[in-house]
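I opened my notebook to look through one structure, piece by piece. Here is what I looked up.

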Amino acid sequence: MKAQMHGKSTAAKRAQRIKRWLIAFGLTICFIVSAFGGKGFVPTWDSLYARAGIAAAAPIIPPEVGETQIHFIDVGQGDAVLLEQSGHFAMIDAGTNDSEERLLAYLEQKNIDHLELLIMTHPDGDHIGGMDGVMEALQVDELWIPNFSKLKRPTGYTYQKILDEADEKGVQVTVPQEGTTFQLGDGVITLISDGVAQPKRTANAAVDYNNLSLCTQFEIGEFSFLDTGDGEAEAEEKLVDSDWPLQSTLFKAAHHGSSTSNTRRLLQAVQPKIVVVSCGEDNLYDHPHDEALEMFALVKADVYRTDLQGNVIVAVSKSGEVTVHTQNRS
């Protein structure tokens, strides 16, 4: 018995020694990279981030007068994008039910109590889960919803609750047509595609709303931001085959960086300088997929990820200078 206890004690001590050694080794590596990065064979933090498929960023800063900011709010495995232009606000999607409290806390921290436009790209739970809560907590002037004449209208509780909340708060509900525009401060949001109908594979299959995603482009000056929701290859084909100028400075990775989206044709048409992937840490879908990351690398875009870097804010100054800031979840 004593021998067995002595064996366990020795193993525990060995594990503690290994743990201390690993911590010391990690601290030493951090010191070397911070002190000597870029000298000789020692890599910089930026190069290490790049090898991991993410881009480095400056600390988050408050907006300057006249500045535009695109906030990719870390809502886990979902989407919530806040557009800010000189004190005017719009939002695309609203995350999940579970992330609603975090989303509202972010908006409260920014002292935002009024959205001029709220856009539902499509009615999946990871995009609309917090939408009724947003309308309850904030003044929302207008809500854009997809064209459900192309597919069966959703019957789920969350979608109906959103419509009920909109009705109760007097929110204007609009089914925008392709080409519909919305003035946000000095910028313009345009619906460039209302998606395509995705046929069901079998009679009993659930309706797939991904390809019905509203695709929007926000433009101010020379800066452009493209958001295609969860649109997949079929929806992207429609975009590329249209006459719309898709080239954009900023692109939200479609469908959280899925390999079923982010096709070569689309990325080559968009030629984004910055791509932001909104996805959850260690998510079940393994987003973003390697194939999508390869496409982003192909067009030489800087990639930022909410699962690794938290909230991502793309700021555009009045002079057109673009900077990216990140804010880890507290």
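How many residues does helix 6 have, and how far does helix 6 reach from its first C-alpha to its last? I noted first that the model is predicted. Then I counted: helix 6 (residues 157-169) has 13 residues. Its reach is 18 Å, close to the 18 Å expected at 1.5 Å a residue.

**Entry: the sides of helix 6**

I looked up burial next. Tyr 159, Ile 162, Leu 163, Glu 165 and Ala 166 are buried in helix 6. I then viewed the helix down its axis. The buried residues of helix 6 fall within an arc of 160°, so they line one face. What sits on the other side? There I found Tyr 157, Asp 167 and Glu 168, which are exposed.

I also asked what covers the buried residues of helix 6. The cover includes helix 4 (125-128), helix 5 (131-137), strand 8 (142-144) and strand 9 (172-174). Just after helix 6 I came to Gly 170, with a positive phi of about 70°.

**Entry: aromatic rings**

How many aromatic pairs does the structure hold? I found three. In one of them, the ring centres of Phe 72 and Phe 225 lie 5.6 Å apart. Their planes stand at 90°, so I wrote down edge-to-face. This pair links distant parts of the chain. Phe 72 is in strand 2 (residues 68-72) and Phe 225 is in strand 13 (residues 223-227), 153 residues apart. Both Phe 72 and Phe 225 are buried.

I moved on to Phe 148 and Tyr 209. Their ring centres are 5.9 Å apart and their planes are at 90°, so this pair is edge-to-face too. Phe 148 has 6% relative accessibility, so it counts as buried. Tyr 209 is buried as well, at 9%. Ring pairs join Phe 148, Tyr 159 and Tyr 209 into a cluster. Tyr 159 was already in my list of buried residues of helix 6.

**Entry: a hairpin**

I checked how strand 17 (residues 311-316) and strand 18 (residues 322-327) pair. They run in the antiparallel sense, over six bridges. Val 314 has Val 324 in strand 18 as its bridge partner. Five residues lie between the strands of this hairpin, and Gly 320 takes a positive phi near 100°.

**Entry: cysteines**

I looked for disulfides and found zero. Cys 215 is buried, at 1% relative accessible area. Cys 279 is buried too, at 0%.

Notes. Residues numbered from 1 in each chain as written. Predicted model: local features only at pLDDT ≥ 70, side-chain atom pairs only at ≥ 80, totals over all residues. Heavy atoms only, no water. Disulfide = S-S within 2.5 Å. Buried < 20%, exposed > 50% of the residue type's maximum accessible area, 1.4 Å probe, protein only. Pairing = 2+ DSSP bridges. Helix = DSSP H or I, 4+ residues; strand = E, 2+ residues; numbered from the N terminus. Expected span 1.5 Å × (residues − 1). Arc of directions from axis to C-beta. Contact = heavy atoms within 4.5 Å. Phe/Tyr/Trp six-rings, centres within 6.5 Å; stacked < 30°, edge-to-face > 60°.
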